[in-house]
Amino acid sequence: MNKLMIGRYLPGDSLVHKMDPRGKIVLVFYFIWLVFFADNVWSYLTVGLFTLLAVLLTRIKLIYFWRGIQPAIFLILFTVLIQVFFTRGGQVYWAWGPFALSSAGVVNAWFIFFRLVIIIAMSTLLTLTTSPLDISGALSSLMTPLKWVHVPVDIIALMLSIALRFVPTLMDETVRIMNAQRARGVDFGSGSLAQQIKAIVPILIPLFVSAMHHAEDLDDAMTARGYRTDAPRTAFRVIQWHQRDTLSVVAFAALTAVVFLVRMP
Amino acid sequence: MTEEAPIITMENVTVRYAEQEQPALDGISLTIPAHSWTALIGHNGSGKSTLIKALDGLVTIDGGTMTVAGLTVNEENIWQIRRRLGVVFQNPENQFVGATVADDVAFGLENAQVPRPAMVDRVAAALEQVGMTAYAEREPAHLSGGQKQRVAIAGILALAPDIIALDEATSMLDPEGRASVLRTIRTLKAQENLTILSVTHDLEEAAAADHVIVIDNGHLVASGTPPEIFAQGAALIDMGLSVPFTEQLKTDLEAGGITLPAGYLNEEEMAAQLWKLYSTM
Amino acid sequence: MEIVLDHVSFTYQAGTPFAGDGLKDVSVTIPDGSYTAIIGQTGSGKSTLLQHLNALLKPTQGTVRIGDRVITPQTSNKNLKPLRAKVGLVFQFAENQLFEETVEKDVAFGPKNFGVPAAEAMERAHHALTLVGIGPEYYQHSPFDLSGGQMRRVAIAGVLAMTPELLILDEPTAGLDPKGRKELMTLFEQLHQEQGIGIVLVTHQMEDVANYAEHVLVMAGGQVIKQGSPAAIFADPDWLHAHHLGLPQAARFARLVQAQGLPLPAPLPLTEKALAHALLPLLHPGKGQSDE
Ligand SMILES: Nc1ncnc2c1ncn2[C@@H]1O[C@H](COP(=O)(O)OP(=O)(O)O)[C@@H](O)[C@H]1O
Ligand SMILES: Nc1ncnc2c1ncn2[C@@H]1O[C@H](COP(=O)(O)OP(=O)(O)O)[C@@H](O)[C@H]1O
Ligand SMILES: [Mg+2]
Ligand SMILES: [Mg+2]
């Protein structure tokens, strides 16, 4: 139905898949931050090769990474063009009003281009190799310190996990309701804006009603199984830190060292 | 069958929902013997789900008293009762709380504050008992309705209850899913010495029960063994229920001038009677 | 209106790692005005097939001919609406599609979408509601205040109000009590007999197949693996068993009686009435054989 690959998880058992999701999330964000320190060919080459290595380690076909980058391609080109024409420096080949084509502009544009591609590839890597469940679990775990300021972290974590678990259910239901209304003569995606908005009502109301039913039943089912918000619970799912996670931290530390060594003085 | 001490009792229980003219349960009194299989039948809207929910403290009663596993159903005991009485609801989708099969089975254990090492063992054991071990890491979107219901049963088993109540737990399943869930429950009942209270429209299931309770518009109208209940043929139809196949056949054969013994016959008994009639002619 | 599927295959989410087969090379004909039952395990492709009958899904390979319209993988989504009025599709748990403020408005929604003037649409709605046994006292109720069985019937009325030539029903009695089931099955039989509406019924109740269907399609793994009259389909219990399907209760009981030694004549009775009819001559004094 849709070929968008952002936010889709592809199960696998590569080293990257098996990483502690907390470590993975933190390291990916750290990496994105680190990329902004690259400022010459050597430092870009370093982060670029590192990204390529990480991508290869996932053992996921490159086409899926490409599909992650694809939707952002216009944004990338736009940013690159702005860089090309608004940066002045080095040799100026051509100038007109505020626009200019200069050697610094071209170099900068290349850097920006690489930076964006690397960042998107790395974020795609995170979502391709980490299930939503692990991401939510990791976020909850990372939020734990907030308990000290009385944020109900456990309840938020359970809510998040139930919400994720019902996404496929509600998506199926939406498709079914849309088809049922189509069978009653509704045309989705045609007619004026007003008509299209009107066509949404017969989807939204049944979807809302059904979500309410899910919620009521779920409430009973959870209570029947002893769930109460006023009592502590133990946790079945624990995220485990392995040696490979320590190793990956070391790898990132090494990367940081290299990037800062090869940076322009 | 020897009559055991009751494990569930209801005494004059009434439930009235807000904004409803008729009470959903109207002075129901009943007892359910321990280790029995009791089928609860009645047309849609007759109050079956309300009865189950009342026992589990999910709706508050407006009158009467109830006991479950020797405990009076009240605010103080309710969390203990919920560990003695597990409920499998109708819609497989709406009782799957966990993100994966194993997480879902663990849900009740987490609530009961079972320490993690013990929890891991109990989840594994419960999944083994319902034959879902291979699916431990699956997400609910990739399970059939029957598999989800078996996971729900595992979640209850993990808490080692005395009673399992099934509220039309197989009505949204296909015949294979239904058969697999019923098979699972039968085996478990024997292994764990459980009491089963099953709301069902499936007459074959009811015919195999020890007891049948019929409710109609919030009233208990009949209670007895399957032969006692199914011998009432026409009265059941008037209540919006149907009669077992053998009763229908009997009615038609009698209309055709054949005399069969009075009382309800199950399929084997009926076949044997027909053979007897045929061979003695 | 005849519907012909010619080598139809359908793949869900084609071109993604989540692609899955819905239908595989299905060629079948739904004859004009017939009562066809489709049986098969969950996931065998029954609902996918149904959605091809009113062009909600287009084949990824092959063609579907609905009356004189031919649907191919290239057919555009425009102008399919007239088809949907002629082929009414009632989804599983159809009560989930209700959304209007009142029962009558919800039922009139379909005809209005097909350009029927408001007054006539309302008239058709009332007629359809009468057919399904919902009285005028309910017309102004919110559909959400009705019981589950009533909601189901209102949803079916919503499709009937489009006056389809063919009515497609995806497990229409699932979750209802015996009385509700019986009432709906009787309604469909009436529509078929009295108004000549063609019926395609997906069901797990073999009794319904035996009682009402003229033609049966058996599906497994996205394919139609057998088709024929109910008598032909139920003639081979071992084959059915191998495909996780059962016999109607009457046929099962007939086999039990035969195993006891009663010489029930072939073919196997499929309904309770047929069984009683076959048994009576054997049990009446004077007609049975006494030497055994
Ligand atoms: N939450 C509720 N609020 C109001 N009325 C309800 C509620 N649940 C059930 N009822 C009503 O109570 C009666 C009994 O319902 P229920 O116990 O669900 O019956 P059954 O399970 O036998 O189909 C019905 O008339 C129903 O409409
Ligand atoms: N929206 C969907 N996306 C992907 N696969 C689907 C979708 N709907 C159905 N399928 C798959 O197609 C096959 C046939 O499904 P379906 O037609 O619903 O079967 P049935 O109605 O016989 O239960 C199944 O394997 C099912 O998993
Ligand atoms: Mg109920
Ligand atoms: Mg289906």
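**Stop 1: an open pocket**

Helix H9 of chain A gives the largest share of the lining of the second largest pocket, 5 residues. Before selecting anything, note that this is a predicted model, in which local features need pLDDT of at least 70, side-chain atom pairs count only at pLDDT 80 or more, and totals for chains, interfaces and linings use all residues. Residues are numbered from 1 along each chain as its sequence is written, chains are lettered from A and ligands numbered from 1 in the order in which they are written, and side-chain values use heavy atoms, with hydrogens and water left out.

Now select A:Gln195, A:Lys198, A:Ala199, C:Phe109 and C:Asn113, which lie nearest the centre of this pocket among its 17 lining residues. Two elements give two or more residues to the lining: helix H9 (193-224) of chain A and helix H3 (103-113) of chain C. Helices here are DSSP runs of H or I with at least four residues, strands are runs of E with at least two, and both are numbered from the N terminus. The pocket holds about 510 Å³ of space.

What makes it a pocket? On a 1 Å grid over the protein atoms alone, a pocket is an open set of points with protein on both sides within 12 Å along at least five of seven lines, while a cavity is a set where a 1.4 Å probe fits but cannot get out; lining residues have an atom within 4 Å of a point. Volume is the space filled by probe spheres set on the points, which are joined across faces, edges and corners.

**Stop 2**

How many cavities of 30 Å³ or more does a search of the whole structure find? There are 3. For the largest, select residues including A:Glu173, A:Arg176, C:Phe91 and C:Phe93. About 70 Å³ of space lies inside.

**Stop 3: ligand 1**

Select ligand 1 and the residues around it (a heavy atom within 4 Å); among them are B:Tyr17, B:His43 and B:Gly47.

- B:Ser46: a backbone N or O atom lies 3.2 Å from a ligand oxygen.
- B:Lys48: a side-chain N or O atom is 2.8 Å from a ligand oxygen.
- B:Thr50: a polar side-chain atom lies 2.4 Å from a ligand oxygen.

**Stop 4: two domains**

Finally, colour chain A by its domain assignment: domain 1 (15-130 + 241-262) and domain 2 (158-224). These bounds come from an automatic or database assignment. Their centres, taken over C-alpha atoms, are 38 Å apart.

Conventions:
Polar contact = N/O pair within 3.5 Å; in protein donor to acceptor, adjacent residues only side chain to side chain.
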